[in-house]
Amino acid sequence: MKPVAIFRHFPIEGPGYFATFLDRHAIPWQLIKIDAGESVPADAGQFGGLVFMGGPMSVNDDLPWIRNELSLIRQAVANNIPVLGHCLGGQLMAKALGGVVSKSPVKEIGWGEASTADNQPAREWFGNLSKCEVFHWHGEIFTLPDNATLLLSSPWCKNQAFALDKHLGLQCHVEMTEGMVKAWCSHGTEEIASSPGPAVQSTEAMQVDLSSRIWALNQVANRLYAKWINGIAH
C-alpha cells in the first residue's frame, strides 16, 4: 500500500490522533515537515492519500510551499487520490478547489458545539450524530468549493466541514490529543489575551474535563477517518 502523506506546517500542529488511527489500521504514512524546510512532492501519485494539518499562517500568504500544495491538491483530486484537510488544511483544500478564504468576523478558539447538516453525505460521514463538540483555533473562514457539500456548522462559522466525493475538508480540529491541547494553550496565551470574543475560551476553560472531551472527540474522528481511509486504493 502506498503511504499517506501528512503535511505538517508548524511543529506543534502535527498529525496527533490521526497518526494513531492510521497505525491502528496498519496504514503506512510519511510526515512531510514543511516547517522544517522539506519540499512539497511534485507527484501525488506516489501516495495513497494526502493529509494537510493546521498552522498559524494564511493560505493567502505568498509562500512557495502554499502554491505547491494547492497544485498538489488539485492534482490529487483530478486523479481520485483522497485528500483530507484540518483547519489550515481545509482552507488549502477550499482555495485549491475554487473556494475563497477570508478573515472571519469572529475568531474561534477552544471547544465548541457543531451541528451536522441534514443531507446524505453528512449522514455518510457523521452517521447519526446531529451534534458534536469539536476543537477550534482559527481566525479565517472558507467558502465551499463548487460541487462540495456542507457537512458541519457551528454558531460562529457556517462552513466547518465539507465533502467532495471522497475528499474531506475540515475547518475544525478533530485530530487533537490531550498533549496537543496543552501545548497549544501554552503557545497561544498571547493570542488568546489579544483576541477577546464570544467564541474564544481561556486556557483554563479549554482544559476542563480534557480527558473525557478528547475521548469523545476521538469517537467523532474515528467515524470521519474510517470513511476517509475507505477511499485509499489498496
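This is a predicted model: local features need pLDDT of at least 70, side-chain atom pairs count only at pLDDT 80 or more; totals for chains, interfaces and linings use all residues.
Let me start with Gln-46, which is found in the loop between β2 and β3, where strands are DSSP runs of E with at least two residues and helices are runs of H or I with at least four residues, numbered from the N terminus. Residues are numbered from 1 along each chain as its sequence is written, and side-chain values use heavy atoms, with hydrogens and water left out.

Gln-46 is partly exposed, with a relative accessible area of 41%; the classes here are buried for under 20% relative accessible area, exposed for over 50%, and partly exposed in between, with a 1.4 Å probe and protein chains only. Gln-46 and Ile-81 are 35 residues apart in sequence, and their C-alpha atoms are 10.0 Å apart in space. Phe-47 also has its place in the loop between β2 (29-33) and β3, but Phe-47 counts as buried, at 3% relative accessibility.

Now to the aromatic residues. The structure holds 9 aromatic pairs, a pair being rings of Phe, Tyr or Trp (its six-membered ring) with centres within 6.5 Å, counted as stacked if the planes are under 30 degrees apart, as edge-to-face if over 60, and as tilted for the rest. What makes Phe-7 and Phe-52 a stacked pair? Their ring centres are 4.6 Å apart and their planes lie at 10 degrees, so the pair is stacked. Because Phe-7 lies in strand β1 (residues 4-8) and Phe-52 in strand β3 (residues 49-52), the pair ties together parts that are 45 residues apart in sequence. Both Phe-7 and Phe-52 are buried.

Elsewhere, one aromatic cluster is formed by Phe-18, Phe-21, Tyr-225 and Trp-228. Lys-227, for its part, lies over the face of Trp-125, at 5.0 Å from the ring centre; the criterion is that NZ of Lys or CZ of Arg is within 6 Å of the ring centre and within 35 degrees of the ring normal.

Let me turn to the largest pocket, which has a volume of about 430 Å³. A pocket here is an open set of points on a 1 Å grid over the protein atoms alone, where a 1.4 Å probe fits, with protein on both sides within 12 Å along at least five of seven lines, and lining residues have an atom within 4 Å of a point. The volume is the space filled by probe spheres set on the points, which are joined across faces, edges and corners. Which residues lie nearest the centre of this pocket? Of the 21 residues that line it, those are Glu-13, Gly-55, Pro-56, Trp-137 and Glu-191. At least two lining residues come from each of α3 (88-96), β6 (131-142), α5 (178-187) and α6 (189-193), and β6 gives the most, with 4 residues.

One of those contributors, α3, has 8 of its 9 residues buried, so α3 is largely enclosed by the rest of the structure. Among the buried ones are Leu-88, Gln-91 and Met-93. Just after α3, Gly-98 takes a positive phi of about 110 degrees.

On backbone angles, most residues other than glycine have a negative phi. Asn-147, however, has a positive phi near 70 degrees; Asn-147 sits in the loop between β6 and β7 (149-154) and is exposed, with a relative accessible area of 72%. Asp-209 likewise is not a glycine and has a positive phi, of about 50 degrees. Asp-209 lies in the loop between α7 (203-206) and α8 (210-229), and is exposed at a relative accessible area of 55%.

Finally, Gly-169 has its place in strand β9 (residues 167-170). Is Gly-169 buried or exposed? Gly-169 is buried, with a relative accessible area of 0%. Its C-alpha atom and that of Ala-148, 21 residues apart along the chain, are separated by 9.6 Å.
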